[in-house]
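Thanks, everyone, for making the time this morning.

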Amino acid sequence: MDAEKEKQANEMPRSNSLTQAQFLLWKRQKDADSSARKAEATRKREEDIAAGTVQMNGRELFLHEPWVFDNNQY
């Protein structure tokens, strides 16, 4: 029975042609979704930093608390 299904699948012509317009539409949607996810993650990270629930990396610390890097005190 499995052999019959494989035979039918091989005999059926596949129509996977994709036009350039379809590809570009898909690509724009994918990029928009990716940008939205990235923006949401950044927004959540900023909220967590403001709340003090996550540890900041060096760049974030420099941007939010630049007085830490002031060497004039020494």
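Let me begin with a cut-off: a residue is called buried when its relative accessible area is under 20%, exposed when that area is over 50%, and partly exposed in between. With that in hand, E60 has a relative accessible area of 13%, so E60 counts as buried. E60 sits in helix α3, and, if we leave aside its neighbours within four places in sequence, E60 is in contact with R45, I49 and Q55.

The average pLDDT of the protein is 87, and 84% of the residues score at least 70. Confidence is lowest in helix α1, residues 2–11, where the mean is 69, and highest in helix α2, residues 20–51, where the mean is 96. As a caution, where pLDDT is low, the predicted coordinates should not be read in detail.

Staying with helix α3, which covers residues 58–64, we also find F62 there.

Now to the salt bridges, of which the structure holds five. Which residues are linked in a network of salt bridges? They are E40, R43 and E47. R43 meets E40 at 2.3 Å, N to O, and R43 meets E47 at 2.4 Å, again N to O. R43 and E40 are three residues apart in helix α2, about one turn of the helix, and because R43 and E47 are four residues apart in that helix, they too are separated by about one helical turn. R43 is partly exposed at 39% relative accessibility, as are E40 at 40% and E47 at 44%. Another of the salt bridges joins D48 to K44, with the closest N and O atoms 3.2 Å apart; these two residues are four apart in helix α2, and so about one helical turn separates them.

Finally, a search of the whole structure finds two aromatic pairs. One of them is formed by F23 and W26, a tilted pair with 5.7 Å centre to centre and 40 degrees between the planes. Since F23 and W26 are three residues apart in helix α2, about one helical turn lies between them. F23 is partly exposed, with a relative accessible area of 36%, and W26 is partly exposed at 44%.

Conventions. Residues are numbered from 1 along each chain as its sequence is written. This is a predicted model: local features need pLDDT of at least 70, side-chain atom pairs count only at pLDDT 80 or more; totals for chains, interfaces and linings use all residues. Side-chain values use heavy atoms; hydrogens and water are left out. pLDDT is the predictor's confidence in each residue, from 0 to 100. Buried means under 20% relative accessible area, exposed over 50%, partly exposed in between (1.4 Å probe, protein chains only). Contact means heavy atoms within 4.5 Å. Rings of Phe, Tyr and Trp (its six-membered ring) pair if their centres lie within 6.5 Å; planes under 30 degrees apart count as stacked, over 60 as edge-to-face and the rest as tilted. A salt bridge is a side-chain nitrogen of Lys or Arg within 4 Å of a carboxyl oxygen of Asp or Glu.
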